[in-house]
Amino acid sequence: MRQMTTTKKLWGSLGIIWVAMLVLVGWGAWENRQTMLEERRNALGDYVDMAMNVIRDHAERSEKGELTQDEAQRMAASTVREMTYDQGRGYIYIFNGDYELLAHPRLPVGTSVADFQNEEGRYLFREFVEDVQTDDGVVNYLWAHASEEDAVAEKSSLNTLFEEWGWYVGTGVYIDDINAAFMAGLTRSLLALLGIGIPVSLLMGLVIRGVTRRLGGDPHYAAEMVRHIAEGNLSHAIRLRDDDRESLLFDIERMRASLAGTIGDIHRSADEVNEVVEEIGAGNDELATRTEQQAASLAETASSMEQLTATVKQNAEHSGKARELAGETASNAARGHDSMERVEASMSGINESAGQMSTIVDTIDSIAFQTNILALNASVEAARAGEHGRGFAVVAEEVRKLASRSSEAAQEIKALIETSDGKVVEGTRMVKETGEIIEIMVTDIQQLSTLIGEISSASEEQSHGIEQVNEAVSQMDRMTQQNAGLVEEHSGASQRLIAQSHQLRDHVARFNITIAGQRPKASGYAAASKESKEQPQATHHPRREMADA
């Protein structure tokens, strides 16, 4: 049954419907026959009950003594013999346990029916007795038809027992008219069924043919192809008629070809997306690592900048103090320069005084020399004077000695003055050189003071700048921490995106679009639209290069 096509199943279903309708018609006619037969048998029961009432009535009269038993039996049998129905064709008969007829319209009383057989060779009256004793007393048999010679018809008899007298009372009715009515009703029903069923069958045939053509093939085949598509197998091309352009299978084939092309594109895009996502994931991992390293480096930089800020502040303070000390040193150097100038002036004055003293010493030496000459002259004159000039000679000698000592002293003073003068000259030269050096030092110290002032100003500006840099580094540290959090979120998002990409690839992998190792070509109607939409495009996957923190 499973190997049958849906078309065959539809035609088979139509045949089954026909068989079912025929069975229903036959069953209805048979039920009608059984109803008629039951009515006949119920009527037989009524007739037998009437006879039994007559017999009971006479039996009661016999019991009451109104009649003797023989009179009552004879009168009852006579009355029953006269009871007919169905225009005289139906009658009631009575026989006793010895199979002797007691009442029958056509046979004499006392006729033995023990060995009576009908056309079938059945001992009917024996069956009547046996059926009364074991069953409901109904027996069907063939019996000669009263209206037709040498004709037998089916007849049904109902028998019962009047136990007080041992009488078997029964009657029978022909049921061949029931069979005729059954056949007539069956014929009418069949004709009505044919009158209605044939147009309906033709209409159903047209519907089946239209459905089959609209499907484009067997529905079972269409369901199988749809099942392949639902299972993701797009490699089965659907068999179509050459002129089929409007059927369901044609649309399913269009859908399959379109899905194959779309799923193929999605599959390739999913692979490319997966590669890009993996690159992004790797880049995010690397970025997260570098961001963490950058955050640690920025934390260290912030600490170093704080230390540097303190150091620069301290340098700025020291530069200010150095500038003050340089200013004081410059002032002291200027005062030293002034002092050296005064010392130089004093040394010049000393040098001039030494020159004057040398002149004076020369004068003293000249005076001592002249005094010595005068003393010599006095000595000569004293010698010439003799005794009178001896005292004068002594004085002259002493004067000469004093002049000699004065000359010697003058020479020594002159030597000392010359020595002092040389030292004063040398000192003057050195003082002058020292003054020049101090002047240079003053100039240098002034320049140094200026430079230290500039360094102090620069240190102050540097201190402010470093404070701003420190604040910027702190902000960068906070931003880096925030970026690290964002990178972690992006890393988690990348991981989820990777999972979604893998899930997309798993979903797309369910579809099989290859035929014998080759990608199926889109059919003409799909290929034309696809060629108009598809343009070769270079695919570029940008990868963000990350610099070290």
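Phe-95 stands opposite Leu-101 in strand β3. The model shown in every view is predicted.

**View 1. Strand β2 meets strand β3.** These two strands run antiparallel and are joined by 2 bridges. β3 covers residues 101-103. The hairpin of β2 and β3 has 4 residues between the strands. Tyr-99 in this hairpin takes a positive phi near 60 degrees.

View 2. Which residues lie on each side of β2? One side carries Gly-90, Ile-92, Ile-94 and Asn-96. The other carries Tyr-91, Tyr-93 and Phe-95. Both faces are covered, and all of these residues are buried.

**View 3. Strand β1 pairs with β2.** β1 consists of residues 84-85. Its pairing with β2 is antiparallel, over 2 bridges. Thr-84 has Tyr-91 of β2 as its bridge partner. Tyr-91 is also one of the buried residues of β2. Between the strands of this hairpin are 4 residues. Here Asp-86 takes a positive phi near 55 degrees.

**View 4. Strand β2 pairs with strand β6.** β6 runs through residues 167-174. The two strands pair in the antiparallel sense over 5 bridges. Look for Ile-92, which stands opposite Thr-171 in β6. Ile-92 is buried, on the side of β2 that also holds Ile-94.

**View 5. Strand β5 joins β6.** How many bridges link β5 to β6? There are 8, and the strands run antiparallel. Thr-160 stands opposite Val-169 in β6. The β5 and β6 hairpin has 4 residues between its strands. Gly-166 takes a positive phi near 75 degrees there.

**View 6. Strand β4 joins β5.** β4 is made of residues 138-144, and β5 of residues 152-162. Antiparallel in direction, they are joined by 7 bridges. Ala-144 stands opposite Val-152 in β5.

**View 7. Ala-393 lies in helix α7.** This helix takes in residues 390-509. Which residues does Ala-393 contact, leaving aside its neighbours within four places in sequence? They are Ser-379 and Ala-382. Ala-378 is 15 residues from Ala-393 along the chain. The C-alpha atoms of Ala-378 and Ala-393 are separated by 6.6 Å.

Terms used: Residues are numbered from 1 along each chain as its sequence is written. This is a predicted model: local features need pLDDT of at least 70, side-chain atom pairs count only at pLDDT 80 or more; totals for chains, interfaces and linings use all residues. Side-chain values use heavy atoms; hydrogens and water are left out. Contact means heavy atoms within 4.5 Å. Buried means under 20% relative accessible area, exposed over 50%, partly exposed in between (1.4 Å probe, protein chains only). Two strands pair if DSSP finds at least two bridges between them.
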